[in-house]
Each structure stands twice: as structure tokens, then as C-alpha cells.
Amino acid sequence: MSLLFVTPDYRILVDAQDQPLWLPLEAVDEQRYAAAIVYAPLADAPEHFHPHASVGPSFPYVAVRATDTEIEELPHLTTGTWRSARGYLDHPNVASVIAKLRFRENERFDPQYGSPLHHFGSLAFGHDQRMIYPRIDPSVIGLVELYGHNRILLGRNRLRPDYFSLIAGYVNPGETLEAAFAREVLEETGRRADNITYVRSQPWPMSGSLMIGFTASTTDEDPVSTTDGELEEIVWAGPEQIRQLPLAAPGSIARQLIDDWAKRTNDQPQRP
């Protein structure tokens with residue numbers, strides 16, 4: 001039985017080996033996680049038990065929101081460090097427990113009847129005990145390469161200006177994933193995207209999303225239309241520039257797509 005602390009801004013504790021730090025459930029009061037588990041018999045703690053000693057992840061996996069006091073004290077008690085969860089979503093169970101935590105916090109009433117929801121495990125029960133499943137919002141993200149050149153399109157978001165990332169956005173009702181990505185590229189950068197191909201996906205529990213990753217190409221080196229102003233800066237970057245730019249967190253799907261492209265480009269002969 002293991003527990004993951006999550007700060008309000010979605011940081012988690014990691015150990016000296018940069019691995020997510022799971023703690024025993026007994027590290028917190030049972031009321032803080034009772035709604036998250038279906039059944040977990042808590043055995044008497046052994047004499048050597050320490051609630052802040054790292055444990056190997058084991059079922060049930062639970063996340064709780066760290067308090068201000070815990071945010072300050074836990075690094076000292078565990079020798080851990082707070083890191084953004086964005087870089088650890090591919091680690092087993094991290095994305096799942098964060099998504100369930102967000103579901104318990106945000107979904108509190110039956111969307112049809114308005115009655116309070118009762119959370120139990122990974123589900124919630126509303127009016128007449130009907131099951132309410134967590135909502136997942138599909139979003140698209142992708143790497144756009146300039147046709148015939150080893151350069152990709154990167155942008156700095158006005159709300160997150162500290163690093164460059166790929167073009168991304170939510171899927172509109174009635175829209176295909178490919179159409180959504182083409183629209184986002186045009187809206188945010190003024191370029192037209194072609195050859196849109198699915199690559200991989202990644203859960204993005206911080207916003208209740210599923211990120212669906214693509215590659216694409218464009219012949220539009222310069223914008224062909226106005227943009228929506230969401231991006232503070234848009235650049236074309238080759239392998240050399242990428243090594244010098246602040247990028248999305250390692251482990252995030254944006255960084256995975258960028259790193260894969262850079263490796264693939266370096267392994268191929270330079271194109272004219």
C-alpha cells in the first residue's frame with residue numbers, strides 16, 4: 001500500500017535517483033485517503049516502521065494533496081525533492097493516482113441531478129447509485145517540421161513563458177483529432193499543417209486530459225494568416241538550436257517528440 005503526495009501546483013516528491021517517492025499509507029490520517037480505496041486492510045506497523053521512509057510502490061496506489069506544512073517539512077523528513085509531475089507521467093501509476101485525486105476534488109455533484117457524489121475507489125456514485133466516471137478531455141499536440149529542412153516549429157506560451165514546447169490544444173465537439181491539430185497549428189502559428197500522423201499518447205491528469213501526439217509538416221515558413229496571440233514567441237529550430245533552448249520537461253510527451261526528432265535527424269544525412 002503506497003501513497004504519493006501531490007502539491008496544489010502538481011509537484012511530487014522524487015528521491016535521489018530521480019524516482020517518484022512513494023510512502024506508506026500510514027504517513028497520513030486514514031480519512032484523507034479513505035474515499036480513494038475500495039478495501040485495504042491496514043496491518044499493525046512493525047517496530048521498525050517509519051511513516052516517512054520510502055516504500056516500493058504496491059497496491060492500492062493513492063495520491064493525497066500535500067498541505068502547506070507537508071510541502072515544507074516532507075523534503076527534510078524523506079530527503080526527497082519536489083519536482084513537477086509533468087516529467088514523471090510515464091512512471092507506473094503516477095498519472096493514474098493524480099487523475100483520480102483531481103476527480104475526487106473537482107467532481108462533487110451529479111451533473112444531471114445536482115445531488116452530492118459519493119466517491120468510492122476510482123468511481124463516483126450519484127442519483128440512484130448511478131456510476132459517474134471521470135471525465136477525460138482529448139487534446140492534441142504535435143511536432144511540425146518545415147518541409148525539406150531540418151527545422152521544427154516551437155512556441156513559448158504566454159501563460160508558461162519559461163520554456164519552448166510544441167503546438168497543442170483541445171479537441172472541439174464534432175472534430176476529428178487530425179482536424180483539431182491542423183486547426184491549432186493554424187490558429188497559434190498561422191501555418192498550414194499537412195501529413196498529420198499519429199505517434200503516441202500520454203495521460204495529462206493535471207488538467208484531466210489525454211494528450212494525443214502527432215507529427216506533421218508544412219511548406220509555410222512564414223505565417224499565411226493571423227494568429228490568436230496564445231504564443232508569446234514562435235521559432236523554427238534545428239538540432240543545434242534545440243540544444244540551446246529551454247524545452248518542455250523531460251518525460252513529457254512534448255519533450256519525447258522533440259527528442260525523438262532530434263535523434264532521428266542526427267542519425268540521417270543532412271538534407272539540402
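Modeller: Start with Tyr61. Its relative accessible area is 26%, so Tyr61 counts as partly exposed. Keep in mind that this is a predicted model. Now look at Trp22. Here the relative accessible area is 3%, so Trp22 is buried, because that value is under 20%.

How many aromatic pairs does a search of the whole structure find? It finds three. Trp22 and Tyr61 form an edge-to-face pair, because their planes stand at 70° and the cut-off is over 60. Their ring centres are 5.7 Å apart. The two residues are 39 places apart in the chain. Trp22 sits in the loop between E2 and strand E3, while Tyr61 is in strand E4.

Next comes another ring pair, Phe181 with Phe214. This one is stacked, with 25° between the planes and 5.9 Å from centre to centre. Phe181 belongs to helix H3 and Phe214 to strand E13, so the pair ties together parts 33 residues apart in sequence. Tyr198 joins in: ring pairs link Phe181, Tyr198 and Phe214 into a cluster.

Go back to E4, which spans residues 61-65. Arg65 lies over the face of Tyr10, 4.7 Å from the ring centre. That brings us from rings to charges.

The whole structure has 15 salt bridges. One of them joins the side chains of Glu232 and Arg156, at 3.0 Å from N to O. Glu232 is in strand E14 and Arg156 in strand E10, 76 residues apart. Glu232 is partly exposed, at 38% relative accessible area. Arg156 is buried, because its 16% is under the 20% cut-off.

Arg156 also forms a salt bridge with Glu233, where the closest N and O atoms are 2.8 Å apart. Glu233 is partly exposed, at 31%.

Arg192 and Asp220 form a further salt bridge, with their closest N and O atoms 2.6 Å apart. Both residues lie in loops: Arg192 between H3 and E12, Asp220 between E13 and E14. They are 28 residues apart. Arg192 is partly exposed, at 46%. Asp220 is buried, at 5%. Shared partners also join Glu175, Arg183, Glu184 and Glu187 into one network of salt bridges.

The largest nonpolar core has 35 residues. Ile12, Ile98, Leu154, Leu166 and Ile242 touch the most other members. E10 and E14 each supply at least two residues of this core, and so do other elements, including H2 and H5. The largest share, six residues, comes from H5. Another core lies apart from it, with 17 residues, including Leu21 and Tyr33.

Which elements cover the buried residues of H5? Among them are E10, E13 and E14. H5 itself has 14 residues and reaches 20 Å from its first C-alpha to its last. Its buried residues include Leu257, Ile258 and Trp261.

Conventions
Residues numbered from 1 in each chain as written. Predicted model: local features only at pLDDT ≥ 70, side-chain atom pairs only at ≥ 80, totals over all residues. Heavy atoms only, no water. Core = buried A, V, L, I, M, F, W, Y, C linked by side-chain atoms within 4.5 Å. Buried < 20%, exposed > 50% of the residue type's maximum accessible area, 1.4 Å probe, protein only. Helix = DSSP H or I, 4+ residues; strand = E, 2+ residues; numbered from the N terminus. Expected span 1.5 Å × (residues − 1). Contact = heavy atoms within 4.5 Å. Phe/Tyr/Trp six-rings, centres within 6.5 Å; stacked < 30°, edge-to-face > 60°. Lys NZ or Arg CZ within 6 Å of the ring centre and 35° of its normal. Salt bridge = Lys/Arg side-chain N within 4 Å of Asp/Glu carboxyl O.
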